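Please open the model in your viewer and keep the selection panel at hand.

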Amino acid sequence: MSSAICCRASWRRGCFIASRHPRSSPFERCVQALIFLAFVQLFLWPTEWLLVKVGTVRSIGTWSPHAEFAWSLFIAVLWGLLAAAIANNNVFHSIMYRMKVPCVGIITRRTSLPSEWYAAFSAKPRYVVLHLKGRRRLYGWPFEWPDSPSLGHFRMVGPEWILPDNTRVIVELVEESLISVDDVEMVEFLSEQLPSLSRDQIHAARRRLIERRDSE
């Protein structure tokens, strides 16, 4: 049991590094530690049984406390990496969302991602338009973005300023820009599909948006 507790500490450190979720309360961390401790023990027992069976055919060593610690550490690291990957990619909740239980319907509509902000950026990589303070707009590829809408910076690749008439101006000799999230008022995620409207309809819609924005 002590070896599994040590492995649990290793798992926690790896999970905090790999996961973008904020730290939970001490009580929640204690409950999580007990749950994953049970998972480590659950897989340690069949591992011991399998290795002992293999040893009856060909001896590869003895099952000692040192061997138990080594295999507990191996299982804990695998479980930590797997749990971090599942949480950061919303695997479990995606499956639960698609499953429908009779008389209950969809099990959950929530995600395992830390916030709607993070879910929007991680759903599908695409170009964005940052609406900055002072009615400025910046177009570019968000190579990195803050985990929280209140702290951090955008790392924009190939930034281009958008003028009031919606023409884009390339920033000469600038490959990347760091934009503080405090200066961002709104984020637009651009569609990869071309609009089905005509050019005149697009220009008319842009003029109405510009006129409405200038009137505010």
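Throughout this tour, buried means under 20% relative accessible area, exposed means over 50%, and partly exposed lies in between (1.4 Å probe, protein chains only). Helices (H or I, at least four residues) and strands (E, at least two) are DSSP runs, numbered from the N terminus. The model is predicted: local features need pLDDT of at least 70, side-chain atom pairs count only at pLDDT 80 or more, and totals for chains, interfaces and linings use all residues. Residues are numbered from 1 along each chain as its sequence is written, and side-chain values use heavy atoms, with hydrogens and water left out.

Begin by selecting strand 3, residues 128-132. Five of its five residues are buried, so strand 3 is largely enclosed by the rest of the structure.

Strands count as paired if DSSP finds at least two bridges between them; here five bridges join strand 3 to strand 4, and the two run antiparallel. Val129 has Tyr139 of strand 4 as its bridge partner. Three residues lie between the strands of this hairpin, where Gly134 takes a positive phi near 85 degrees.

Now show strand 8. It pairs with strand 3 in the antiparallel sense, again over five bridges, and Phe189 of strand 8 is the bridge partner of Val128.

Move to Glu160, which is placed in strand 5. Is Glu160 buried or exposed? Its relative accessible area is 14%, so Glu160 is buried. Leu138 is 22 residues from Glu160 in sequence, yet their C-alpha atoms are 5.7 Å apart. With neighbours within four places in sequence left aside, Glu160 has contacts (heavy atoms within 4.5 Å) that include Arg137, Tyr139, Arg168 and Val171.

Select helix 5, residues 116-123, where Trp117, Tyr118 and Phe121 are buried. Viewed down the helix axis, the buried residues fall within an arc of 90 degrees (taken from the directions from the helix axis to the C-beta atoms), so they line one face of helix 5. These buried residues pack against strand 5 (153-162) and strand 8 (184-189). The face turned away from the buried side carries the exposed residues Glu116 and Ala123.

Finish at helix 2, residues 26-57, which contains Phe43. Phe43 is partly exposed, with a relative accessible area of 40%.
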